[in-house]
Amino acid sequence: MPKTEPVFHPTLFPVLHALPWPAVLLDEEGRVVCANAAMEQRGLRPDPHSPPSLHEALPEYATALRGELREAQEALVTRQTEGKEVVERVWLRPIASGAVLIITDETRLAELETEHAQTVRLASLGFMLAGVCHEISNPLAAIHSMLQILETEGRRDPEVLARGLASISANVRRILEISRQLSGFSRAATEPRRPVAVDGVLEEALVLVRHERTYREVVVEHHKDPAAVVRANPRELLQVFFNVLANAVQAMEGRGRILVTTRRPGNEQVEIMIQDDGPGIRPEHLPKLFDPFFSTKARGEGTGLGLTISNEIVHEHGGRMRAESTYGKGARFYIELPLWKRRE
Ligand SMILES: Nc1ncnc2c1ncn2[C@@H]1O[C@H](COP(=O)(O)OP(=O)(O)OP(=O)(O)O)[C@@H](O)[C@H]1O
Ligand SMILES: [Mg+2]
């Protein structure tokens, strides 16, 4: 038996039962004293003589909420039911003598968010299409004319043959690289977003970048912030960090120092700064960095899509990207994303 019977206003019970969402009433000690009809349909029928704690009755929701049940809280809960993923929001509101907890289904909202992200992404791919066609037809035209030369001269001169094959191979590499960048971009948006610790993804990107072809010896200094959490698609975030880090390694020709700093300025944003001590960026190149196909790298070395796609991903997550550089003194990239808060 509860020590003291909670005194709830009598009108509360019919209101609770009339709610179309599953809801329960908690006493001041956080015990579930009443479940409404929608909640009972889920099989929760608390015994009024020995009311269970929230943890006993609804463990998934209790874990999502922070310990203190006397303050207003909201949290998102993703769970599997009948083989399907369901996204729910749990609302906790204190009232006289206890609190009320309501669960709303946000699965459709989460689906719409993913669909919207895909639509936006397809639109930006469409925008890039003319550029993509142009960028692919150039190497194809080069391959075509090289094949004609080889047909006539390649048979006689082994040197022409070797040079021709090398040129074809470089052009094919370029087309494959463009296709790889674009297909990664169109695929990733199908995964739902979830709270992600930024530094974990940065660490993954730092491991991946060691496999960069030009990587020799890079000293990395990583200042972390464990509370820097953003709501994101982790694979996309990895793509962004990897692109910026790969650019840094390439600019330094595989040797140098990279400084990565994660901060939370104003406690609303997460800011990731990635700085290298490579040659830096010419002032006239700075405004073009995020343009599709802008690249200063040799043919076959870069598509000029890395930063365009990264910028697109960051924008879709409600953030922004910028670059700073004094030519000759390295480059610095900033990625800002909204800080995820538990009550979001
Ligand atoms: N850290 C950096 N230092 C100096 N220049 C940079 C740096 N990062 C980017 N750049 C410049 O920005 C250009 C565009 O970068 P982006 O990542 O979009 O394309 P890319 O690296 O050339 O090609 P890809 O990413 O497909 O390999 C680069 O070619 C380079 O000139
Ligand atoms: Mg790049």
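Predicted model: local features only at pLDDT ≥ 70, side-chain atom pairs only at ≥ 80, totals over all residues.
Residues are numbered from 1 along each chain as its sequence is written, chains are lettered from A and ligands numbered from 1 in the order in which they are written, and side-chain values use heavy atoms, with hydrogens and water left out.

Let us begin with the fold. The protein has nine helices and 12 strands (DSSP runs numbered from the N terminus: H or I of at least four residues for helices, E of at least two for strands). Its radius of gyration, taken over C-alpha atoms, is 28 Å, well over the 20 Å that the globule rule (2.2 Å times the number of residues to the power 0.38) gives for 344 residues, so the protein is more spread out than a compact globule. The C-alpha trace spans about 100 × 40 × 30 Å along its principal axes.

Now turn to ligand 1. Its shell holds 22 residues, counted as near if one of their heavy atoms lies within 4 Å of the molecule; the closest are N247, S295, T296, K297 and T303. The elements α8 (234–251), α9 (306–316) and β12 (331–338) each supply at least two shell residues, and α8 gives the largest share, with four.

The side chain of K297 places an N or O atom 2.6 Å from an oxygen atom of ligand 1, and the side chain of D276 has one 2.8 Å from a nitrogen atom of the ligand. From G304, a backbone N or O atom lies 3.0 Å from a ligand oxygen. The protein covers 94% of the 600 Å² of accessible area that ligand 1 has on its own (Shrake-Rupley method, 1.4 Å probe).

Finally, look at the backbone of two loops. Most residues other than glycine have a negative phi. S97, in the loop between β4 (84–95) and β5 (98–105), has a positive phi near 75°. F293 has a positive phi near 70° and is found in the loop between β10 (269–276) and α9.

Technical notes
Polar contact = N/O pair within 3.5 Å; in protein donor to acceptor, adjacent residues only side chain to side chain.
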